[in-house]
Amino acid sequence: MSEKKKFNIEYEIKSSPRILYSFLNEPNGLTQWFADDVSVRDQVYTFTWDDEQQTAKLIAVKENKLVRFRWVDDDPSYYFEMEIIQDELTSDVALSITDFATDDTLAERKLIWDNQIKYLISTLGA
């Protein structure tokens, strides 16, 4: 199995950090754009897509700023992170995604994030 490499993508989002944050860490918010269904118990999130489930542990959180998850069945050194960045001068808000992928799946992973974030933006009405 080839090694995964860290990558980062940033998206401009017209939303307040507080509202955006609720879509990143609350099951109800995540269900609206990230997965078909999301449940959480003891910091472990169960994501469902087309009747397939994956579980991830919430390993870092900063209110209105950042959430970091680690897939339970993945290497402990890999994670995916969604960080809200607000420009101090303009107050513009961006969502920074950090994830890991192998060379042969990198383009596909980026496309998945692009599609998910487009859906998030339309859900926010931003």
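## A negative surface patch

Asp36, Asp37, Asp50, Asp51 and Glu52 come together on the surface as a patch of negative charge. The model described here is predicted.

## Salt bridges

The whole structure contains six salt bridges. One of them joins Lys5 to Asp103, with 3.1 Å between the closest N and O atoms. Lys5 sits in strand β1, while Asp103 sits in the loop between β7 (93–101) and α3 (106–124), so this pair ties together parts that are 98 residues apart in sequence. Lys5 has a relative accessible area of 45% and is therefore partly exposed. Asp103, at 55%, is exposed.

A salt bridge also links Glu81 with Arg68, and here the closest N and O atoms are 2.5 Å apart. This pair connects distant parts of the chain: Glu81 is in strand β6 (residues 80–86) and Arg68 is in strand β5 (residues 66–71), 13 residues apart. Glu81 has a relative accessibility of 6%, so Glu81 counts as buried. Arg68 is partly exposed, with a relative accessible area of 25%.

Glu12 and Lys14 form a further salt bridge, with the closest N and O atoms at 3.0 Å. Both Glu12 and Lys14 are exposed. In general, side chains of opposite charge can pair when their charged atoms come close.

## Glu3 and its contacts

Glu3 lies in the segment before β1 (5–12). Its relative accessible area is 61%, so Glu3 is exposed. Leaving aside residues up to four places away in sequence, Glu3 touches Tyr78, Ala101 and Thr102. Ala101 belongs to β7 (93–101).

Lys65 is 62 residues from Glu3 along the chain, and the C-alpha atoms of the two are separated by 29 Å.

## Helix α1

Helix α1 spans residues 17–25 and is mostly covered, with seven of its nine residues buried. The buried residues are Pro17, Leu20, Tyr21, Ser22, Phe23, Leu24 and Asn25. An α-helix has 3.6 residues a turn, so residues three or four places apart point the same way. In α1, Pro17, Leu20, Tyr21 and Leu24 are among the buried residues.

Definitions and conventions. Residues are numbered from 1 along each chain as its sequence is written. This is a predicted model: local features need pLDDT of at least 70, side-chain atom pairs count only at pLDDT 80 or more; totals for chains, interfaces and linings use all residues. Side-chain values use heavy atoms; hydrogens and water are left out. Patches are made of residues with over 30% relative accessible area and no salt bridge: like charges are joined within 9 Å, nonpolar side chains (Val, Leu, Ile, Met, Phe, Trp, Tyr) within 5 Å. Accessible areas come from the Shrake-Rupley method with a 1.4 Å probe; for residues, only the protein chains shown count as cover. A salt bridge is a side-chain nitrogen of Lys or Arg within 4 Å of a carboxyl oxygen of Asp or Glu. Lys and Arg count as positive and Asp and Glu as negative; His and the chain ends are not counted. The place of a charge is taken as NZ of Lys, CZ of Arg, CG of Asp or CD of Glu. Helices (H or I, at least four residues) and strands (E, at least two) are DSSP runs, numbered from the N terminus. Buried means under 20% relative accessible area, exposed over 50%, partly exposed in between (1.4 Å probe, protein chains only). Contact means heavy atoms within 4.5 Å.
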